[in-house]
Amino acid sequence: MSGLAPSIKVRNLRGKRVGIVSSSWHGEICQALVEGAERAIKEASIEEVTLRWVAGSFEIPLTAKRLLEAGCEIGRAHV
């Protein structure tokens, strides 16, 4: 990995609920991706974040579905 992240302008989304679902299979890589998502979420002024770690890629869609049903707004293009 180069360690360089692209610069992306994120709009203010205060009041939104966000969920992050990540596999724990490749821990170092997935942790870095989660940290990048958390930075963007903070930049967007989102305060309510739910993080779910799952074993592998097969569990991600079901967990994301459950977070959406619980009111998180993952899966929508706000950024």
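Which residues of helix 2 (residues 60-69) are buried? The structure examined here is a predicted model, in which local features need pLDDT of at least 70 and side-chain atom pairs count only at pLDDT 80 or more, whereas totals for chains, interfaces and linings use all residues. Residues are numbered from 1 along each chain as its sequence is written, and side-chain values use heavy atoms, with hydrogens and water left out.

The protein chain contains 2 helices and 2 strands, where helices (H or I, at least four residues) and strands (E, at least two) are DSSP runs numbered from the N terminus. Their order from the N terminus on is β-α-β-α. Of the 79 residues in the protein chain, 30% are buried; this term denotes a relative accessible area under 20%, while exposed denotes over 50% and partly exposed the range in between (1.4 Å probe, protein chains only). Among contacts (heavy atoms within 4.5 Å) between residues at least 6 apart in sequence, 73% join residues at least 24 apart.

In helix 2, the buried residues are T63, A64 and L67. Seen down the axis of helix 2, these residues fall within an arc of 100 degrees, so they line one face of the helix; the arc is that of the directions from the helix axis to the C-beta atoms. The buried residues of helix 2 pack against strand 1 (17-23) and strand 2. On the face turned away from this buried side are the exposed residues P61, R66 and E69. Helix 2 is followed by G71, which has a positive phi, near 105 degrees.

When its neighbours within four places in sequence are left aside, T63 is in contact with V21, R52 and V54. The C-alpha atoms of T63 and S22 are separated by 9.5 Å, although the two residues lie 41 residues apart along the chain.

T50 belongs to strand 2 (residues 48-54). With a relative accessible area of 17%, T50 is also buried. Its contacts, again leaving aside neighbours within four places in sequence, are with V18, G19, I20, L67 and C72. One of these partners, L67, is among the buried residues of helix 2.
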